[in-house]
Amino acid sequence: RNLDPFLMLDEFDGGEDGSGFPDHPHRGFETVSYLLSGEFLHEDFLGHKGKLGPGDVQWMTAGRGIVHSEIPAKKTRGLQLWVNLAAKYKMVEPAWQELTAKEIPSASQDGVTVKVIAGESMGIKSPVRTLTPTYFLDFTLEPGSQYAQDVPEGWTAFSYILEGKVDYGSGQSVDAHHTIVFDELGDKVQLSNTGSQSARLVLLAGQPIGEPIRQHGPFVMNTDEEINQAFMDYQLGRNGFEKAKLWKSIEGNKY
């Protein structure tokens, strides 16, 4: 299910020896890799490569085309979010923004701590620039704590629980590894921990794009013709995929 502007949220949990995401292309959207534990090695056909550690984030704009690999160097747990791009941004040049755990702004208030990966919370803002207006917030709530997060009116919002139990204002607690989609949001999301252990969740919100979505595998465009064009460009090595045929990642081809 697409929640405009979001295309996917995946929690990955894997180890070494060939697991992860070997060489693969993207066009037309952004991928966000947020590492909860472990270590991730990434590289792409434009020469960009590096390592993500616990708490680090990479916000990658695939734009007109990228081929990359993401391989765990040890047992790794994290989240990957796909954020759609408006038609006017789908063919921009690829770009990367990376923040280490120490560079991600955070704040605490009355037993609630937030890491602001994108957007703003508790009066602090993330330095990440998003082509699609987006909030990506990592909350930890101590037992008995609560917080009301502002969300712009009209935005799509959902939450995924990483640990513990969270009450979103209904009086009922939701267990870890469940997703809550807010149908009628208003301007705030209520978060509370009525349990005896700490709870952790991510809250994601974004401004809907309101355009047709055509998705086929790693390509997300607006029309079937554009999807066919993306496959042709990738196969023929053109229009942003010029290096696709000649490049192979190091880590993604070890096994």
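This is a predicted model: local features need pLDDT of at least 70, side-chain atom pairs count only at pLDDT 80 or more; totals for chains, interfaces and linings use all residues.
D233 sits in helix 1, which covers residues 224-236, while R27 sits in the loop between strand 2 (21-26) and strand 3 (29-37), so the pair ties together parts that are 206 residues apart in sequence.

Are the two partners here buried or exposed? D233 has a relative accessibility of 1% and therefore counts as buried, and R27, with a relative accessible area of 2%, is buried as well. This pair also belongs to a network of salt bridges, in which R27, D233 and R238 are linked.

In one of them, K51 pairs with E39, and the closest N and O atoms are 3.9 Å apart. K51 belongs to strand 5 (residues 49-52), whereas E39 belongs to the loop between strand 3 and strand 4 (40-44), and the two are 12 residues apart. K51 counts as exposed, because its relative accessibility is 53% and the cut-off for exposed is over 50%.

The other is formed by R64 and E93, with 3.7 Å between the closest N and O atoms. Here the pair links two loops: R64 is in the loop between strand 6 (57-61) and strand 7 (66-72), and E93 is in the loop between strand 8 (76-84) and strand 9 (95-99), 29 residues apart. How exposed are these two residues? R64 has a relative accessible area of 22% and is therefore partly exposed, whereas E93, at 54% relative accessibility, counts as exposed.

Let me finish with a serine, S145, which lies in the loop between strand 14 (134-141) and strand 15 (146-150). Although S145 is in a loop, its relative accessible area is 5%, so this residue is buried. Which residues does S145 touch, if we leave out those up to four places away in sequence? They are D110, G111 and V112, together with L191, S192 and N193. Within its own stretch of chain, a polar atom of the S145 side chain lies 2.6 Å from the backbone oxygen of E142.

Methods. Residues are numbered from 1 along each chain as its sequence is written. Side-chain values use heavy atoms; hydrogens and water are left out. Helices (H or I, at least four residues) and strands (E, at least two) are DSSP runs, numbered from the N terminus. Buried means under 20% relative accessible area, exposed over 50%, partly exposed in between (1.4 Å probe, protein chains only). A polar contact is a pair of N or O atoms within 3.5 Å; within protein, one must be able to donate a hydrogen and the other to accept it, and residues adjacent in sequence count only if both atoms are side-chain atoms. Contact means heavy atoms within 4.5 Å. A salt bridge is a side-chain nitrogen of Lys or Arg within 4 Å of a carboxyl oxygen of Asp or Glu.
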